[in-house]
Amino acid sequence: MTDAAGTTYGNDDFLPIILGTSVNAYNQARSLHEAFGIRSLALGRAALRETAHSSIIDVRAYREFGSPEFVVATLKKLAAEFPGRKRLLLANIEFYTNILIEHRAELEDDFIVPLVHKPLADRLMDKTDFYRTCAELGVPHPETVVVRQDEAGDTALGADLPFPYPVILKPSDTDTYPRLRFEGKQKVYLVQHAAELRVLVDRIFSAGYVGDLLVQEYIAGDESVMRVANTYSDRHGVMRFASLGQVVLTEYDPTMVGNNNAIVSMADAELTESLRRLLDSVGYVGSANFDLMHDRRTGTSKVLEINLRQGATSYYTMAAGGNLTRCFVDDLVYEQDLPEVITTDERLWINVPYPVVLAYAPASLRGQVRAAARRGVTHTLRYAPDRSLARQIDLLRIDLRHTLDNVRYARNRLNR
């Protein structure tokens with residue numbers, strides 16, 4: 001199907017519309033191109049180098065795309081622009097995911113919205129409820145103590161925790177907390193003693209936060225204890241796809257903390273079954289992305305949080321042999337019964353040049369990295385059918401930026 005400018009998106013059956021223009025948008029577009037040979041349309045607030053000058057993804061940027069109402073109105077116009085096919089919406093950041101969940105009623109007559117409904121989304125995104133659900137289902141997670149607003153000012157707070165300091169402090173409500181502004185604000189706090197905990201609790205609640213705060217055991221370690229999982233559960237609420245990864249290198253830029261730059265795909269049958277038990281028990285539908293920590297004291301991987309979308313670095317699943325993005329199409333567009341896919345191959349996925357990975361990955365992981373690299377190295381943005389000169393220049397600039405970021409921010413971590 002061709003638009004007025006003569007550009008073809010999707011095929012005769014469906015049109016993929018990706019919300020976001022960063023590396024995850026390219027991840028999804030590349031996965032769809034590899035599976036179906038199609039071009040995708042991406043929408044976002046700005047055109048980024050990761051998706052620029054591409055033959056497999058086209059970007060439409062709107063300055064007003066930070067407004068949920070504008071996003072919905074734009075999508076309604078797209079439905080009129082591209083009639084006659086199924087239109088598949090793929091959100092690749094939390095902001096767009098939340099918009100689609102909140103405005104499902106306005107969109108689902110025109111689009112496939114492959115996300116959970118709001119009641120389940122609220123239950124999973126509120127960390128108090130999420131950890132309670134994990135506990136009920138026997139899914140390993142960090143030991144946690146809930147602190148409520150009426151406990152602020154308690155001089156005994158933090159004195160009798162069931163686990164030692166240092167501890168982790170973080171908000172349960174990740175919807176309202178990011179909108180607060182106060183001195184010393186962090187996404188997650190590493191707290192050294194009870195007096196510091198009381199000061200932070202008082203500061204957060206005084207800033208207007210009204211949800212629960214969570215105090216958790218601290219699982220010490222570098223990237224070697226960090227793991228990630230991406231799954232897909234079909235329209236019947238059954239997990240059909242799972243791919244686990246050992247994080248090798250995280251993002252050092254403080255503004256990008258939480259992103260990964262290198263992952264080795266791996267197998268862990270016990271962890272896979274824990275995730276299956278969680279997802280199937282709540283009737284989850286669509287893709288889920290999990291952050292996990294491997295507790296060396298018990299040999300158990302513990303779930304830290306779930307994201308209700310495909311992970312930003314989930315192209316590692318393709319490196320391992322599993323096309324996660326294709327699941328949306330086969331399941332929801334063509335309504336096929338999905339085969340079960342659990343990736344087990346160890347392959348190296350990178351988002352930075354390979355020498356940077358070897359230079360800055362923890363020493364304990366470098367042997368595993370080299371072994372996985374011998375079996376195959378995959379970079380999301382380096383795709384042979386999409387190699388125009390302008391795009392190659394953009395990729396060189398991206399690699400240079402990532403390399404300089406590692407040099408700039410990682411000097412104090414070289415001796416770990």
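Reader: What makes the crossing of H2 and H3 right-handed?
Author: In this predicted model, the crossing of H2 and H3 is right-handed because the near helix is turned clockwise from the far one by less than a right angle.

Reader: At what angle do H2 and H3 pack, and how far apart are their axes?
Author: Helix H2 (residues 68-81) packs against H3 at about 70°. The axes are 10 Å apart.

Reader: Why is H2 called roughly perpendicular to H3?
Author: The angle is about 70°. The class roughly perpendicular covers 65 to 115 degrees. Therefore H2 counts as roughly perpendicular to H3.

Reader: Which residues in H2 and H3 meet?
Author: Pro-68, Val-71, Val-72 and Leu-75 in H2 meet Phe-95, Tyr-96, Ile-99 and Leu-100 in H3. By class, that contact has eight nonpolar residues, no polar and no charged ones.

Reader: How do you know that E1 and E2 pair?
Author: Pairing needs at least two bridges. Strand E1 (residues 14-19) and strand E2 (residues 40-44) have three, in the parallel sense. Ile-17 stands opposite Leu-41 in E2.

Reader: What is the strand order of the open sheet?
Author: The order of its four strands is E3-E2-E1-E4, with parallel pairing.

Reader: What makes E3 and E4 edge strands?
Author: Strand E3 (57-61) and strand E4 (86-91) each pair on one side only. Neighbouring strands of this sheet are turned by 25° against each other on average, direction ignored.

Reader: Which strands does H3 touch?
Author: Helix H3 (residues 94-102) packs on the sheet and touches E1, E2 and E4. The direction of H3 makes about 135° with that of E4.

Terms used. Residues numbered from 1 in each chain as written. Predicted model: local features only at pLDDT ≥ 70, side-chain atom pairs only at ≥ 80, totals over all residues. Heavy atoms only, no water. Helix = DSSP H or I, 4+ residues; strand = E, 2+ residues; numbered from the N terminus. Axes fitted to C-alpha atoms, helices over the stretch in contact; angles between N-to-C directions. Contact = heavy atoms within 4.5 Å. Parallel < 35°, antiparallel > 145°, perpendicular 65-115°, else oblique. Nonpolar A, V, L, I, M, F, W, Y, C, P; charged D, E, K, R; others polar.
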